[in-house]
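Work through the exercises below with the model open beside you, and try each task before reading its solution.

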Amino acid sequence: MSKVKISFNLNYEDIVVEVESNKRLLDMLREDLNMKSVKEGCGEGECGACTVIVDGITVTSCTVLAPQVDGCSVITLEGLSKDGELDKLQESFMEAGAVQCGFCTPGMILSAKALFMKNPKPSKDEIKRAMSGNLCRCTGYKKIVEAVEIARDK
Amino acid sequence: MKKKGTGIGCMWYGIGNTGLPNPAAAFVEVHSDGSVTALVGCADIGQGSSTVMAQIVAETLGVKYEAVNVTAADTGVTPEGGATSASRQTYISGNACCEAAKVAKKILVEVAADAFGVEQDEVEIKNNNVFVKNDESKQMDFLTLMGELKKRGKIALGSGSFNPDTTSLDPVDMHGNPYACYAFATHIVEVEVDTDTGQVDVLKIVAAHDVGQAINAQMVEAQIEGGCAMGIGFAVLEELELEKGAIKNPGFSKYLINTAMDMPEIYPIIVEDPTSTGPFGAKGVGEPALIPVAPAILNAIYDAIGVRFTEVPVTPRKIIEALSEKQN
């Protein structure tokens with residue numbers, strides 16, 4: 001497969017990469033750019049484990065082709081902590097005990113982050129709606145929603 | 001029309017493998033810098049067993065939780081832990097950690113007694129402090145004690161294993177003692193059934209669990225809440241469609257599981273009735289969290305619309321079919 005050169009902003013840094021034109025965004029992030037927080041769950045856009053933020057909107061990176069982010073800004077979980085300091089969402093997930101096996105956690109946190117970027121003070125129902133594209137089999141979601149509420153109130 | 005109903009589900013459940021030996025073991029070493037290594041076979045699959053093992057080791061030794069580093073489920077270095085199944089790891093690997101830490105602690109206490117010039121049963125180690133009971137003048141910090149070990153060429157090392165006291169079941173009448181302890185739980189559920197669409201909404205679950213002793217209350221709650229989510233799916237949502245052995249709905253758009261929006265209010269209640277054979281009295285909660293949910297929901301549906309379902313999941317289609325049958 002032929003490669004294409006794309007330039008985009010990844011976690012607040014401009015980068016230029018050459019990538020196979022049929023490569024999924026998920027695979028480029030994990031394999032080429034070492035963004036291992038991005039998880040592959042179902043591989044068909046239904047579970048939300050591979051969620052990343054593209055131009056302020058959450059997308060499932062398993063259903064986006066890498067060249068589609070040319071000129072965009074992409075945020076993964078790696079982009080949330082700065083100089084070893086965790087984002088308030090990461091802190092609140094720990095505080096609430098919202099992580100069990102952890103496989104859904106990066107996607108959950110990014111869905112909450114994208115919600116805060118649009119609406120810094122969401123209601124509980126708005127939080128539940130924003131997180132409803134991310135499936136979790138461990139927690140029952142209660143502590144995840146609580147974690148987002150804690151971060152909202154910080 | 002929307003009709004509300006309330007239902008109760010109760011359960012008891014044996015902790016550990018049924019009527020079989022199922023041991024686990026652990027190694028514990030206290031290092032000269034005061035940190036602790038615990039090697040356990042127990043695999044943490046998200047329920048938080050490594051946290052629980054660290055807490056048990058810390059509490060037994062009398063050191064801070066943060067000092068304990070757990071290496072878990074690494075067959076290169078960890079002893080047998082058995083499967084993370086049967087709601088058994090807190091109880092069985094927890095007991096093994098407790099035993100291993102007690103052996104290591106015995107060495108700490110021997111050296112402390114020698115250094116203080118007192119009997120061993122007068123020595124206490126708590127919260128990283130080493131002191132003599134009833135004599136406040138005699139105390140040292142933990143690092144000083146580790147220095148005393150070094151002077152004497154002692155290493156604070158322990159191993160432990162635990163196998164629950166069970167018997168196999170008689171193949172004829174199934175009598176026997178298959179489990180060393182049992183967990184108990186009761187769930188009360190409120191549902192709302194839409195008699196026009198057949199939709200069942202679970203509104204509220206109160207879930208009380210006797211866990212013996214909660215080693216980590218937040219994680220026990222989390223397991224109970226997760227069990228409720230899975231139980232709701234089992235009762236009203238998750239329908240595996242099989243045809244000639246093949247799954248016809250192998251995807252989350254056809255095989256539906258709960259999302260954050262589907263979850264009811266959940267009120268976990270932790271009941272602590274310590275069991276004499278558990279680490280600090282702890283039993284297990286993994287499977288018990290799921291077991292009473294579906295029966296309680298089906299009882300609540302009966303309370304709401306007077307139809308007794310005996311198969312799950314109770315999908316909207318089954319509700320509508322049952323209601324029209326009842327009318328005719």
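**Exercise 1.** How many Å apart do the C-alpha centres of domain 1 of chain B and domain 2 of chain B lie?

Solution. This is a predicted model, in which local features need pLDDT of at least 70 and side-chain atom pairs count only at pLDDT 80 or more, while totals for chains, interfaces and linings use all residues. Residues are numbered from 1 along each chain as its sequence is written, and chains are lettered from A, with ligands numbered from 1, in the order in which they are written. Begin with the bounds, which come from an automatic or database domain assignment: in chain B, domain 1 covers 2-14 + 182-327 and domain 2 covers 24-161. The C-alpha centres of these two domains of chain B are 39 Å apart.

**Exercise 2.** Find how many residues of chain A and of chain B are in contact, and which element of chain A gives the largest share.

Solution. Apply the contact rule (C-beta atoms, placed from the backbone, within 7 Å), which pairs 21 residues of chain A with 19 residues of chain B. Next, look for elements of chain A that give two or more residues to this side, namely helix H4 (124-131) and helix H5 (142-153), where helices are DSSP runs of H or I with at least four residues, numbered from the N terminus. The largest share, four residues, belongs to H5(A).

**Exercise 3.** Which residues does Ile297(B) touch, not counting residues up to four places away in sequence?

Solution. With those neighbours set aside, Ile297(B) touches Gly7(B), Val189(B), Val191(B), Val202(B), Ile232(B), Ala235(B) and Val236(B).

Conventions:
Two residues are in contact if their C-beta atoms, placed from the backbone, lie within 7 Å.
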